[in-house]
Amino acid sequence: MTVIWKATLQPIDVQQIMVPVGAEMLCAREQFDHICVWYRCEPTAPLAPRTLAVVGTGNPAPEADGRYLGTASLQGGQLMFHIFERGH
């Protein structure tokens, strides 16, 4: 049985999160002024790293290998971050 889980991201350029093998990234956006990503997974699968890029508006976007997941609006819309999954 699959479930939907959430990971909270840091507002840094590139980071890795550990998710169950085979996890399907669903979307990214803000929640309570944090950047979050939601994914569907089999919770008993072993964990593996996934690389995510958090790109502020006006900064260089990832190359073609970056799959767009969504945009997070922080501090009342003063900061906009665009989240990409890299190399997956």
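Cys36 is buried, with a relative accessible area of 1%, whereas Cys27 is partly exposed at 30%. In this predicted model, the sulfur of Cys36 lies 9.6 Å from the closest cysteine sulfur, that of Cys27, which is too far for a bond. The structure accordingly holds zero disulfides, and the protein that carries these cysteines has seven strands and zero helices.

**Overall build**

- From the N terminus on, the elements of the protein run β-β-β-β-β-β-β, and the radius of gyration is 13 Å, close to the 12 Å that the globule rule gives for 88 residues, so the protein is as compact as a globular protein of that length.
- Taken along the principal axes, the box that the C-alpha atoms fill comes to roughly 40 × 30 × 15 Å.
- When contacts between residues at least 6 apart in sequence are considered, 63% of them join residues at least 24 apart.

**Surface and burial**

- Of the 88 residues of the protein, 35% count as buried.
- The protein exposes about 5300 Å², and carbon and sulfur atoms supply 55% of that area.

**The nonpolar core**

- The largest nonpolar core has 18 residues, and those with the most contacts inside it are Leu9, Ile17, Ile35, Val37 and Ile83.
- Two or more residues of this core come from each of strand 1 (3–9), strand 2 (14–20), strand 3 (24–31), strand 4 (34–41), strand 5 (47–56), strand 6 (66–74) and strand 7 (79–86).
- Strand 4 gives the most to this core, contributing four residues.
- Leu9, when residues up to four places away in sequence are not counted, touches Gln15, Ile17, Ile35, Val37, Leu52, Val54 and Ile83.

**Glu85, a buried acidic residue**

- Glu85 has its place in strand 7, and it counts as buried because its relative accessibility is 2%, under the 20% cut-off for burial.
- The side chain of Glu85 makes a polar contact of 2.5 Å with the side chain of Arg50.
- Leaving aside neighbours within four places in sequence, the residues in contact with Glu85 are Met25, Arg50, Thr51, Leu52, Asp65, Gly66, Arg67 and Leu69.

Notes: Residues are numbered from 1 along each chain as its sequence is written. This is a predicted model: local features need pLDDT of at least 70, side-chain atom pairs count only at pLDDT 80 or more; totals for chains, interfaces and linings use all residues. Side-chain values use heavy atoms; hydrogens and water are left out. A nonpolar core is a set of buried Ala, Val, Leu, Ile, Met, Phe, Trp, Tyr and Cys residues joined through side-chain atoms within 4.5 Å. Buried means under 20% relative accessible area, exposed over 50%, partly exposed in between (1.4 Å probe, protein chains only). Contact means heavy atoms within 4.5 Å. A polar contact is a pair of N or O atoms within 3.5 Å; within protein, one must be able to donate a hydrogen and the other to accept it, and residues adjacent in sequence count only if both atoms are side-chain atoms. The radius of gyration is taken over C-alpha atoms; the globule rule is 2.2 Å times the number of residues to the power 0.38. Accessible areas come from the Shrake-Rupley method with a 1.4 Å probe; for residues, only the protein chains shown count as cover. A disulfide is a pair of cysteine sulfur atoms within 2.5 Å.
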